[in-house]
Amino acid sequence: MASQMLHSVFTSFPLSLKTPLSSKIRSKPSSLIVAGKSDPHFSGRKLRVAVIGGGPAGSSTAEALAASGIETFLFERSPGGAKPCGGAIPLCMLDEFSIPPELIDRKVTQMKIISPSNVTVDFGKTLKSHQFISMLRREVLDSYLRSRAESKGATILKALVTDLEVPTSATAPYIVHHTIDNSRQSLAVDVVIGADGANSRVAKSIKAGNYACAIAFQERIKLPDDKMEYYKNLAEIYVGNDVSPDFYAWVFPKCDHVAVGTGTVCSKQNIKLFQHSIRKRVKPKIHGGKVIKVEAHPIPEHPRPVRVRGRVALVGDAAGYVTKCSGEGIYFAAKSGRMCGEAIVRASEGGERMITEDDLKREYLKEWDAKYITTFRFLDLLQRVFYGSNAGREALVELCGVEYVQRMTFESYLYKKLADGDRREDAKMVMKTIGSLIRFEIWFVKASCKSGVLWSPGDLR
């Protein structure tokens with residue numbers, strides 16, 4: 001989803017301290033290929049992999065596999081569809097994934113974060129002249145990545161996967177049941193990659209376990225020229241119980257419109273009320289705008305209990321790789337897909353031999369967790385600290401005004417590596433954080449007593 005901007009605050013914050021088929025196909029078509037039973041090496045063919053889902057995760061997996069000669073099938077049900085998403089990506093992704101400049105709608109160099117009481121902080125003061133956050137439309141990015149995977153040799157199938165038949169032996173194939181133009185078909189493969197989002201059918205097929213999901217709601221609004229000029233390189237984040245009790249709302253610029261949205265985990269049934277509130281808070285800035293698209297989708301809140309089972313691996317949203325607090329998912333989707341694809345290439349010796357669950361866990365999961373799992377856990381902790389009440393949100397916005405926090409934030413976010421900090425500054429920030437949290441809690445309690453209205457700090461609108 002959207003809102004990678006806030007991820008930077010949290011990741012760099014200084015711390016010293018299927019609908020199933022009505023009748024399944026039970027017999028194996030004569031065209032199904034079964035791996036050799038005794039010799040793990042293939043004879044006359046390469047490893048066969050099905051990648052379910054054609055977003056950044058699936059396309060990056062397919063590209064890595066196909067580029068190494070592995071027989072790769074990429075399933076995407078709606079190639080022309082547009083996933084609801086803020087569309088922000090870090091600077092390092094442009095080079096790491098060779099994203100062409102023409103795909104970028106806007107280069108955001110100004111950021112504002114607005115507190116529950118409408119205190120506004122300029123969150124881009126430390127950006128250097130060559131630094132920016134890229135804003136893209138997902139339909140444009142996804143189409144490009146799929147096309148690139150196809151150019152490397154992946155077969156793109158415009159198909160709805162309806163069921164995954166899991167084998168009972170270590171070498172028998174997985175059967176991917178799918179429909180193409182209402183025609184039921186089946187494909188046998190050695191390995192399956194689930195890149196089919198938060199409601200992954202692949203994950204359900206392998207009993208990967210459940211996870212909490214947020215709901216994101218977004219409107220694309222075409223603004224008058226003067227209003228669009230204001231947002232040409234500006235992104236805004238709004239926090240407060242009115243716009244979300246446990247997340248935040250955003251206004252992100254796109255090619256000829258802005259994306260205005262919000263999200264929540266704990267109060268999904270009220271998402272339209274929160275969307276009404278964010279539109280109310282930004283009303284003067286978007287007055288005269290026309291809604292051109294309304295979108296909603298689930299966002300996973302933590303990694304799934306199981307991400308590898310048998311010869312099936314989950315990547316991207318299907319694996320739960322969306323960061324808490326920020327909702328950043330595009331980079332981690334593409335990164336997990338590429339890492340998984342490269343892991344399979346290594347384990348299969350370039351597609352020459354069958355792989356196992358142990359191979360996937362060792363080459364993919366172990367590497368991913370070593371690199372990123374601490375970040376995900378850390379963000380989970382910080383969401384509880386800063387998003388538990390409006391007092392915490394006020395403290396968060398205050399801290400975002402500190403230049404040291406901003407510098408550490410963007411160095412870490414833009415390049416996806418831990419910035420070198422200063423221990424004395426880190427210690428100061430820890431004390432300032434504690435002081436801000438206490439001060440705003442006291443302020444809200446005093447305001448409550450003075451007004452004669454009994455409420456908790458989380459109740460302020």
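## Strands 12 and 19, and their sheet

Strand 12 (residues 191–194) and strand 19 (residues 312–314) run parallel and are joined by three bridges. Helices (H or I, at least four residues) and strands (E, at least two) here are DSSP runs, numbered from the N terminus, and two strands pair if DSSP finds at least two bridges between them. Look at I193 and you'll find A313 as its bridge partner in strand 19. This is a predicted model, where local features need pLDDT of at least 70 and side-chain atom pairs count only at pLDDT 80 or more, while totals for chains, interfaces and linings use all residues. Residues are numbered from 1 along each chain as its sequence is written, and side-chain values use heavy atoms, with hydrogens and water left out.

The two strands belong to an open sheet of six, in the order 8-2-1-12-19-18, with mixed pairing. Contact means heavy atoms within 4.5 Å.

Strand 13 and strand 17 pair in the antiparallel sense, over ten bridges. In that pairing, F217 stands opposite A296 of strand 17.

## Nonpolar cores

A nonpolar core is a set of buried Ala, Val, Leu, Ile, Met, Phe, Trp, Tyr and Cys residues joined through side-chain atoms within 4.5 Å. The largest one has 105 residues, and F75, I133, V176, V192, I193, I344 and Y364 touch the most other members. Helix 10 gives the most to this core, with eleven residues. Setting aside neighbours within four places in sequence, I344 is in contact with L47, L65, I70, V191, I193, I355 and L360.

Apart from that core lies another, of 15 residues, with I221, V243, A249 and V260 among them.

R148 lies in helix 4 (residues 138–151). It counts as buried because its relative accessibility is 12%; the cut-offs are under 20% relative accessible area for buried, over 50% for exposed and partly exposed in between (1.4 Å probe, protein chains only). Not counting residues up to four places away in sequence, R148 touches E63, F97, S98 and R338. A polar atom of its side chain lies 3.1 Å from the backbone oxygen of S98. A62 is 86 residues from R148 along the chain, yet their C-alpha atoms are separated by 9.4 Å.

K125 sits in the loop between strand 6 (120–122) and strand 7 (133–135). With 43% relative accessibility, K125 counts as partly exposed. Beyond its neighbours within four places in sequence, K125 is in contact with G401, E403 and Q406. The side chain of K125 reaches the backbone oxygen of G401 at 3.3 Å.

## Two positive phi values

Most residues other than glycine have a negative phi. K207 has a positive one, near 55 degrees, and is found in the loop between helix 5 (201–205) and strand 13 (213–222). K207 is exposed, at 65% relative accessible area.

E349 also has a positive phi, near 55 degrees. E349 lies in the loop between helix 10 (330–347) and helix 11 (357–386) and is partly exposed, with a relative accessible area of 46%.

Methods
Polar contact = N/O pair within 3.5 Å; in protein donor to acceptor, adjacent residues only side chain to side chain.
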